[in-house]
Amino acid sequence: MARLNDNYCKLKAGYLFPEIARRVNAFCEADPDGKARLIRCGIGDVTEPLPPAAIAALHAAADELATRDTFRGYGPEQGYPFLRAAIAQNDYRDRGIEIADDEIFVSDGSKCDCANILDILGDQNHFAIPDPVYPVYADTNVMAGHTGAAAPDGAFAGLTYLAGNAENGFVPPPPTTGKIDVAYLCFPNNPTGAVATRAQLAEWVAYALANDVLLLFDAAYEAYIQDPTLPRSIYEIEGARRCAIEFRSFSKNGGFTGVRCAFTVVPKELTATTADGTRLPLHGLWLRRMTTKFNGTAYIVQRAAEALYTPQGKAQVAALVAHYTGNAAILRQAAATAGLRVFGGENAPYIWASAPDGLSSWEFFDKMLTDANVVITPGSGFGRAGEGWFRISAFNSRKNATEVARRLADLLKTNAG
Ligand code: PLP
């Protein structure tokens, strides 16, 4: 008799995005006019075409596969040297951060990397997770059996939640009580758009070094940081090479959500302990994990990612980011003018705002759907600390972003009147 993984049964049935899809489908069936006006700002997927440099590289790489001399089969599981070198040079060494090419591990997505990292960490660890945050961290810990059941408010027993709120600007500080072994950090944050300052990140690194805590730093939205004083990588902080793994993605800078390419940085000094207390580097374990369970990201995709680092590629990525950042500014302005408390949208493609009139996140979601025909994301779907808040994604055309801003203003005016 095959036993299933009982931990999956602990996951909340109404996972955020399926529940959004269910409500949107029901609305579209009931209101065909509303359906025609519908604008989706719910899911954080990009909308604009790939940079031309990436398209050209995809075509050229595909042509290489057409002749025996240049054909490629399996590549190195950890990524082709040309891409690892381009990443280490451009994203790190050119910014004064010492990262070696072989500390970069190329993959087909940060979602998988954030989830798979648990393979090399012991189940005895106590994990801390920001709240609100990208739901993958909590859910993969549930799947791995690191938690008990969910409480009615959705919090899982056995995890430490790091609460973000308006008072701490949605940048939770390190915990002052209780022992944790591993902490996830996500800056710029999904969903709040908050970014830790250098001092705040330094506090986390100092805490991690003093308490022997491993930091899992998700920088998927790093490209959206406009303020030059904000850190883009945790390795900008002294000592982080000894306590942090960093995840990055080409999804939100190069628009690769459908192309699939990302990478994880595992510095060679980073260690964790075995059962008998011996310290061993995590680098070798992650290499072993990748070579055993992964067969590499497609050659043509890695060539496309490499093209993002050419001068043309960089300019095109900057234009894409500027497009979405422009949308974010319009949406942020509309929410602020309507009197909502607003975070994010300046160094991130997400606007995080308080639901008006004491409405819950889902109540305001329904109101936006039925009255403004706009799909937003309820903040409570990202953790209990997100209750009463909502996220608007700036991943859209300029026309749609402007229209959403107009409808939000109208709705809240009607509301006030
Ligand atoms: N990390 C965060 C914080 C995200 O919001 C997302 C996607 O929305 C990802 C990772 C996933 O990135 P990828 O497309 O590389 O899997």
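User: How much area do domain 1 and domain 2 bury between them?

Analyst: This is a predicted model, in which local features need pLDDT of at least 70 and side-chain atom pairs count only at pLDDT 80 or more, while totals for chains, interfaces and linings use all residues. Residues are numbered from 1 along each chain as its sequence is written, and side-chain values use heavy atoms, with hydrogens and water left out. The domain assignment, automatic or from a database, gives domain 1 (14-43 + 312-416) and domain 2 (54-309). With buried area taken as the accessible area (1.4 Å probe) that two parts lose on being put together, summed over both, 62% of the area lies on carbon and sulfur atoms, and the total is about 2,500 Å².

User: Which three residues supply 26% of the area that domain 1 buries against domain 2?

Analyst: The contact (heavy atoms within 4.5 Å) takes 26 residues from domain 1 and 36 residues from domain 2. More of the area that domain 1 buries against domain 2 comes from one trio than from any other three residues, and that trio is N347, F382 and R384.

User: Which residue forms a salt bridge with R384?

Analyst: A salt bridge is a side-chain nitrogen of Lys or Arg within 4 Å of a carboxyl oxygen of Asp or Glu, and two salt bridges are counted between domain 1 and domain 2. For R384, the closest N and O atoms are 4.0 Å apart, and the partner is D131.

User: Is helix α6 (residues 136-143) largely enclosed or open?

Analyst: The buried residues of α6 are V136, Y137, A138, T140, N141 and V142. They pack against α5 (110-116) and the strands (E, at least two residues) β3 (127-131), β5 (182-186) and β6 (214-218). Because six of its eight residues are buried, α6 is largely enclosed by the rest of the structure.

Terms used. Buried < 20%, exposed > 50% of the residue type's maximum accessible area, 1.4 Å probe, protein only. Helix = DSSP H or I, 4+ residues; strand = E, 2+ residues; numbered from the N terminus.
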